[in-house]
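Visitor: Could you take me through one part slowly, namely the salt bridges, and say where their partners sit?

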Amino acid sequence: MDARLSQADSEVDFSFAVERQDGRRYTFNRGASTMQTHYASASTSKLVAAVIILRLVEQGYLTLAQKPQELIQSWPISSSDPLSGMTLAQLLSLTSGLASDSPCLDSVSIDFEACVDNLATTNAGRGKIPGQEFFYSDAHLQVAGLMAVKARGVAGWQNVFSEFKMQTGLFAASTFDLPSAGNPRIAGGMNMTGGDYMDFLKALKNGALLSAASMGQLLADQTASIPIAYSPIFEGINGGPGLGEDWHYGFGLWQECQSATYNCVPGTRVSSPGSYGAYPFWDRSKNYTGIVLRQGANNTLIKGITIERAVRSDVEQWAACS
């Protein structure tokens, strides 16, 4: 694995780690990267956010059937718009009908709630019906994040994240503050370390974060019966290449499938790759978790996946070795 990873195609330094069922961990660092180096998460934070919100559902603060207007007083979408029917479950599965992001997601000065209102206004009046298609967009989780804030009765997402950290002991060296602490991008705004993310994956895998029922919802194929309108895995992102593979989606995670048409068993291998090429994954059939940590350009989504695939057969042999 050392030899293959040292020759892997990456224009930036990276770290790679996998942990098998017995807790043994293999780590490889190239260049100046380490598992303690801070990286901008991009969409690797989607899985983290989904788990945080599902825990609030378990704790009784939210329900998956709740709608934004039930919690967000400023919600601007009228009852006559089909989007008024979107639910928290649809927001977590990126099937809510929100198909356009807004520049406010990158603004360091706008208020979090004002950005959510802007996203709602941007998407209103387009005739989109919640639950009718999967469209990969950060808008869904931004709305879900504000629903969590309102349900908890706290000032902002920082309070929600701090509570999660206190309850679990996870992400001690990581923050959720990109582009700013006052307007964090829920779907892509962590500043994280690989060590922190590996500990999170281990806790998730071992059942320490979610009940069996919530885990079942997280891992279920939430897009089985609807079209995939936009997938960066299939098509690429920001002009970068895609894989041409038909992955499906759960709550905050991808259901991987190395096929042009989805023909895989949901929950077998799940992941949450980011647009900078970071790639956390959980192979449930072979009982190991891992991550590629790197921060390339904003269109290098598949770089981390191809790095991992270069050593996957070796990792599987190591994971199965007694």
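Guide: What follows is a close look at the salt bridges and their surroundings. The model is a predicted one, in which local features need pLDDT of at least 70 and side-chain atom pairs count only at pLDDT 80 or more, while totals for chains, interfaces and linings use all residues. Residues are numbered from 1 along each chain as its sequence is written, and side-chain values use heavy atoms, with hydrogens and water left out.

A salt bridge here is a side-chain nitrogen of Lys or Arg within 4 Å of a carboxyl oxygen of Asp or Glu, and the count by this rule comes to 20. One of them joins Glu245 to Arg309, whose closest N and O atoms are 2.9 Å apart. Glu245 lies in the loop between helix 9 (232-235) and strand 8 (248-249), whereas Arg309 belongs to helix 10 (residues 303-320), so the pair ties together parts that are 64 residues apart in sequence; helices (H or I, at least four residues) and strands (E, at least two) are DSSP runs numbered from the N terminus. Glu245 is buried at 9% relative accessibility, while Arg309, at 23%, is partly exposed, where buried means under 20% relative accessible area, exposed over 50%, and partly exposed in between (1.4 Å probe, protein chains only).

Another salt bridge brings the side chains of Arg269 and Asp283 together at 3.1 Å, N to O. Arg269 sits in strand 10 (residues 269-271) and Asp283 in strand 11 (residues 279-283), 14 residues apart. Arg269 is buried at 7% relative accessibility, as is Asp283 at 4%. Through shared partners, salt bridges join Glu256, Arg269, Asp283, Glu308 and Arg312 into one network.
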